[in-house]
Amino acid sequence: MRLYRLFLLSLFFAFLTLNAAQNEEQTVQENAIELPKEVELENARDELSKIQKELSKGNSIWLKSYNSYMAYQESRKSLREVKYRIEQLEGRSSSVERKLEIEALQAKQKVLTEQIEFLKAQGASPFVSLLKPDEAGELPSITNPFDIITGLSYVKRLNSYYKDYVLREEELQELITILDRQVTLYKTITRLDPKADYEVELEATLLQVEKFKLALETLVSTAEVYEKRIESTEAKINKEIKDQIYKLLNIGMIVAVLIIISFLFKRVIKRYIVDNERFYMANKIVTFINVTLIIIILLFSYIDNVGYFATVLGFASAGLAIAMRDWFMSLLGWLVIVVGGSIHVGDRVRFVKDGMEYVGDVLDISMQRITLMEDVTLTTLETNRRAGRIVFVPNNYIFTSMIANYSHGSLKTVWDGIDIVITFDSNHKKAAHLVKEICRKYSKGYTDITRKQINKLRDRYSLKNSNVEPRVFTFIEPHGVKISAWYLTNAYATLTLRSTISADIIDAFNGESDITIAYPTQTFYTAPIPPKSPPPPMDV
């Protein structure tokens, strides 16, 4: 019996021990389950706080646009409430308190109205400006080589706008992902902590996500259309650029052919025209014709309406002709010079303008001016007292100023004269004879050349006097007898021959006892004037 009791007692203790162990294990399991819930709730709240902090920065253009939209809607709602309250107060009896409240509400109404006007662009849709792709401007038409750069720039601008549009899409997708995560965290926190009240936030976030997803759908479809539009525009511009390149190559080939033909013409001219002056002028004429043809080809190649261009050019020319009269006159003068042939490169010419004289050689005849190299001449010796200057004479001076050409046509000689005065008692006949012989001696070569040149000019000009021999004239002057000698000399070296002849005349006169060079003097006789002896006879 005692053993039976001990057995029952041991069974009881064993049962108690087993029950205590089961209770302890159950407690441990319950604690193990409850501990992860707290951690999950804490983690969810931390993550939610980070998301809210990130969204509150307002860096996203989508959030800014949505907030503006919501502010617009709230302002409209508040404005309706304010208007309704004002109507209620105005319908009741007036009192000081009501008047003050009405004034405050009217001030608030004015502020809300201004705010609504400011946010009016976001009224119909929160993402109107963001969903619409940026416009790159009017599609350029590639009609000349310079438009190629414009076309390439337009394509580059379109691609840049498309990249920005794609970035908007990526930003919106990222924002939707964050908002979806925020919705999940609201639901998780509500499930783990029934006391947490996030119903308003959850509803607002769900509405926001719905708006953003609708915008994303529109954005994706618009991006596809925009991409196809860019591809079509790029293909059109590339085709026009390719056409312009082909057209430019064709024009380049034509211009190259014209340049080659011009070069061949110049080679032929150089071969058959020996005279450098004629070759220079012919070379400039060929260059002018070549450049004119190239300009005409370019104009007709890149101007669609030639008649319209001609009309505009006519009106423009009339205005320019008035404003740039001297320029056009110089151009016309150049045509007269080139076509008329009155002046050539290398000619010795003299220009007179406003009392100033310039004598020199023509270096160049451009479309606007004649370039002159001033030489040492009688004009520089007696008038200017300087030489070696480069003188630019506008072409229009041929219409208004005196121009002398010392080497026109085939003539390369001019008449030059020397005057020398002898006393009244000198043998003037012998003096004139000596001067003529000296002039004939030194000018004989130029006389023969001039005779041949004048014979060639008879076909072009009516020459009355073809005498080319030296001429000597005798005149009575206050201080003696002036012997004026005229002879032909080189148009480019008149002073040299004048100096040589003058020196020989002086030597010849000094060698004669009956010839005395006169200068302003006076003679006084203190005795009767002696009779003059008759001059000896001369063999002429």
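Trainee: Does R348 count as buried or exposed?
Mentor: This is a predicted model, so the value is computed from predicted atoms. R348 has 3% relative accessibility. Buried means under 20%. R348 therefore counts as buried.

Trainee: Which strand holds R348?
Mentor: Look at residues 348-353. They form a strand, and R348 has its place there. The answer is strand 1.

Trainee: Which side chain makes a polar contact with the side chain of R348?
Mentor: R348 touches several residues beyond four places away in sequence, including D361, D375, N405 and Y492. A polar contact needs a pair of N or O atoms within 3.5 Å. One side chain meets that at 2.7 Å. The partner is D375.

Trainee: How many aromatic pairs does the structure hold?
Mentor: Ring centres must lie within 6.5 Å to pair. The number of aromatic pairs here is three.

Trainee: What kind of pair do Y165 and Y226 make?
Mentor: Their ring centres are 5.9 Å apart. Their planes stand at 70°. Planes over 60 degrees apart count as one class, so the pair is edge-to-face.

Trainee: How many residues apart are Y165 and Y226?
Mentor: Y165 is in helix 5 (residues 146-192). Y226 is in helix 6 (residues 199-272). Both residues are buried. The pair links distant parts of the chain, 61 residues apart.

Trainee: Which residue is linked with Y165 and Y226 into a cluster?
Mentor: Ring pairs do the linking. Y165 and Y226 belong to the cluster.

Trainee: Which residue lies over the face of W415?
Mentor: A charge over a ring must be within 6 Å of the ring centre. Here the distance is 4.5 Å. The residue is R471.

Notes
Residues numbered from 1 in each chain as written. Predicted model: local features only at pLDDT ≥ 70, side-chain atom pairs only at ≥ 80, totals over all residues. Heavy atoms only, no water. Phe/Tyr/Trp six-rings, centres within 6.5 Å; stacked < 30°, edge-to-face > 60°. Helix = DSSP H or I, 4+ residues; strand = E, 2+ residues; numbered from the N terminus. Buried < 20%, exposed > 50% of the residue type's maximum accessible area, 1.4 Å probe, protein only. Lys NZ or Arg CZ within 6 Å of the ring centre and 35° of its normal. Polar contact = N/O pair within 3.5 Å; in protein donor to acceptor, adjacent residues only side chain to side chain. Contact = heavy atoms within 4.5 Å.
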